[in-house]
Amino acid sequence: MAAAPPMLRVLEREVVVFRKLWRGTAFSSFVTPVMFLAAIGLGLGGLVQRRTGHVGGVSYLAFVAPGLLAASAMQTAAGSSLWPVMAGTKWVRTFHAVVATPLRPADLYGGTLLWVGLRATAAAGAFLLVAAGLGGIPSPWGILAVPAAALGALAFAAPLAAYAATQDTDLTFPVIIRLGVVPLFLFSGTFFPISQLPPWLRPVSVASPLWHAIELCREATTGTPHWAAAAGHTAVLVGCVAVGWRWGTYTFARRLTP
Amino acid sequence: MCAPPLVQGRALTKRFGTYVAVDNIDFSVGRGEAFGFLGPNGAGKTSTMRMIGCVSPVSGGELRVLGMDPALQGASIRSRLGVVPQEDNLDTELTVWDNMVIYGRYFGLPRSVIRERARELLEFVQLGERRHDRVDPLSGGMKRRLTIARALINQPELLLLDEPTTGLDPQARHLVWERLYQLKLQGITLVLTTHYMDEAEQLCDRLVIMDRARIVAEGSPRGLIERHSTRDVVELRFVTTEERLAAMPRLDGTGERVEMLPDRILVYTGDGDGTAEVVARDGLGPASVLVRRGTLEDVFLMLTGRTLED
């Protein structure tokens, strides 16, 4: 069969759906973070600027832009790997139709992640342009924040999609958002350096994949790469994807081909 | 049969933990045949179908589909199968047309081929007019027809249908049967499960009756009726229970077998009209006498019992 690799065939379906429903998606993954950037980066940033001057050597806008970039990629990833997987396995059962074709559960899982990665890349790219226009991206290295944010998105999507395939209902999903995604969004160095946190809380932030994604993005956009640290952050994120991948190929197979 | 069977199971078994869903069954399906798995809910029909469809690993025994081993060549087998599942799993975010196109892409078919086939297949299931509609508002019968059309996009040699008409109204059922019959005439091998006896009689050349994970009988619908039941059945209804009880001993010997039910007496006989005459002569005074042909339902109830199992 001389055709696209199996994972891309899964992606094709997402593209067809997206062409019809892109407005809502674009709003949540692009317009919302831009509004945050305007309100926090410019509004609150103006106040910060007047009191303390700079945060970590850059303007507050430049500090918060990479934080919002990575954090909104995480939110997009969480939203599009929990409920859509539940729809595929339980609600609409489309995944069951897919595995009746030559595609395997692992192709479906991989295609789901690929789609999250693509969307995160597109959203991050658009956000980066706006942030740069506002003066929030001082370094041309900033372009590297796009793949960094996408990698961060996958670090969340891989385990969350794997987990979603183990569930019979979506009861736990809002809990994951409220007790996982939202606290990470607030306390992983998005809006202020984690050195501001009480010492006992700092290790929690460091354990959060989002902190690693934000640090990676921030080193890129502010043009202050610490190569060893960047390699460490990348390794953590790749590790999350790898662990998620192993788990996800297992949970998808167990759910769809018992 | 000289050609090798299209599907063959030997001592085929499926376990989920300690629960045995399919217990040591043997069967084979020849090319061009319409083969049925008949049985009550929970008999193991769907588990068997899922193993044939290569979406459920075999726990024991041997299974060959299109001459291949599902454990080793699942994807190759699936590329030549069409599957109509028990529960509709059409993509509700797509239109009728896109459901066909995207499904074709899962098989890796080129778009031009898909377009041509999708047009023909939607006409075949009488959904040509609805191609731009969304799937959700379609009726149950239309959704089932669309699922059948979708399953044919890869021109399968073998079509698996799990309870193809459950939940459909009579018109929709007959339309589906008629379309499936057309497919059979085109040489497509059909394997279906059903708990509707009339469906099995309409569609199947050969069938097995499953009960509690095992196969309890096998044959053609006619053959099964001849072997396990009788050509005719005479149904006698009485006004009161006392009359029914009184009639029972006097019916001994009127047929090959007499069965008393809470509301009527069934006399299984080779000659229904003859038996009805005897009953009339004896002056048993039933309120009504119905002579009918023996059906698969009689065979089925006789083999799997009348008690409800859930």
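**Exercise 1. Two helices of chain B**

Task: In this predicted model, determine which residues of α3(B) meet which residues of α4(B), and describe how the two helices cross.

Solution. 

Step 1. From α3(B), the residues B:Val96, B:Trp97, B:Met100, B:Val101 and B:Gly104 meet B:Ile114, B:Ala118, B:Leu121 and B:Leu122 of α4(B).

Step 2. Sorted by class, the residues of this contact of α3(B) with α4(B) comprise 8 nonpolar, 1 polar and no charged. Gly counts as polar in this scheme.

Step 3. Helix α3 spans residues 96–106 of chain B and helix α4 spans residues 111–124 of chain B; they pack at an angle of about 130 degrees, and their axes are 10 Å apart. The angle therefore makes α3(B) oblique to α4(B). An angle over 145 degrees would count as roughly antiparallel, and one of 65 to 115 as roughly perpendicular.

Step 4. The handedness of the crossing of α3(B) and α4(B) is right-handed.

**Exercise 2. Two helices of chain A**

Task: Describe the crossing of α8(A) and α9(A), and state how the residues of their contact divide by class.

Solution. 

Step 1. Helix α8 covers residues 209–221 of chain A, and helix α9 covers residues 227–256 of chain A; their axes come within 9 Å and cross at roughly 140 degrees. For this reason α8(A) is oblique to α9(A).

Step 2. The crossing in which α8(A) passes α9(A) is left-handed.

Step 3. On the side of α8(A), the contact involves A:Pro209, A:His212, A:Ala213, A:Glu215, A:Leu216 and A:Glu219. These meet A:Ala230, A:His233, A:Thr234, A:Val236, A:Leu237 and A:Cys240 in α9(A).

Step 4. Of the residues in the contact of α8(A) with α9(A), 7 are nonpolar, 3 polar and 2 charged.

**Exercise 3. The six-stranded sheet of chain B**

Task: Give the strand order of the open sheet of 6 strands in chain B, identify which strands stand at the edges, and examine the pairings inside the sheet.

Solution. 

Step 1. The order of the strands is β5-β6-β7-β3-β8-β9 (chain B), and the pairing is mixed.

Step 2. At the edges stand β5 (81–84) and β9 (214–219) of chain B; each has a single partner strand, so one side of each lacks a neighbour in the sheet.

Step 3. On average, neighbouring strands of this sheet are turned by 15 degrees against each other, direction ignored.

Step 4. Two parallel pairs may now be examined. Strand β6 (residues 158–162) and strand β7 (residues 189–194) of chain B pair in the parallel sense over 5 bridges, and B:Leu159 stands opposite B:Leu190 in β7(B). Strand β3 (residues 34–38) of chain B runs parallel to β8(B), joined by 4 bridges; here B:Phe35 stands opposite B:Arg206 in β8(B).

Step 5. β8(B) and β9(B) supply an antiparallel pair, joined by 5 bridges. B:Val208 has B:Glu218 in β9(B) as its bridge partner. The two strands form a hairpin with 2 residues between them, and B:Arg212 in the turn has a positive phi of about 50 degrees.

Step 6. Helix α8 (residues 221–228) of chain B lies across β8 (206–211) and β9 of chain B, and runs at about 105 degrees to β9(B).

**Exercise 4. The partners of β1(B)**

Task: State which strands pair with β1(B), and in what sense.

Solution. 

Step 1. Strand β1 (residues 7–16) of chain B pairs with strand β2 (residues 19–29) of chain B in the antiparallel sense over 7 bridges. The two form a hairpin with 2 residues between them, and B:Gly17 in the turn has a positive phi of about 65 degrees.

Step 2. β1(B) also pairs with strand β4 (residues 60–65) of chain B, in the antiparallel sense over 5 bridges.

Step 3. B:Gln8 illustrates both pairings: B:Gln8 stands opposite B:Ser28 in β2(B) and opposite B:Arg64 in β4(B).

Notes: Residues are numbered from 1 along each chain as its sequence is written. Chains are lettered from A and ligands numbered from 1 in the order in which they are written. This is a predicted model: local features need pLDDT of at least 70, side-chain atom pairs count only at pLDDT 80 or more; totals for chains, interfaces and linings use all residues. Axes are lines fitted to C-alpha atoms, for helices over the stretch in contact, and angles run from 0 to 180 degrees between N-to-C directions. Angles under 35 degrees count as roughly parallel, over 145 as roughly antiparallel, 65 to 115 as roughly perpendicular and the rest as oblique. A crossing is left-handed if the near helix is turned anticlockwise from the far one by less than a right angle, and right-handed if clockwise. Two residues are in contact if their C-beta atoms, placed from the backbone, lie within 7 Å. Two strands pair if DSSP finds at least two bridges between them.
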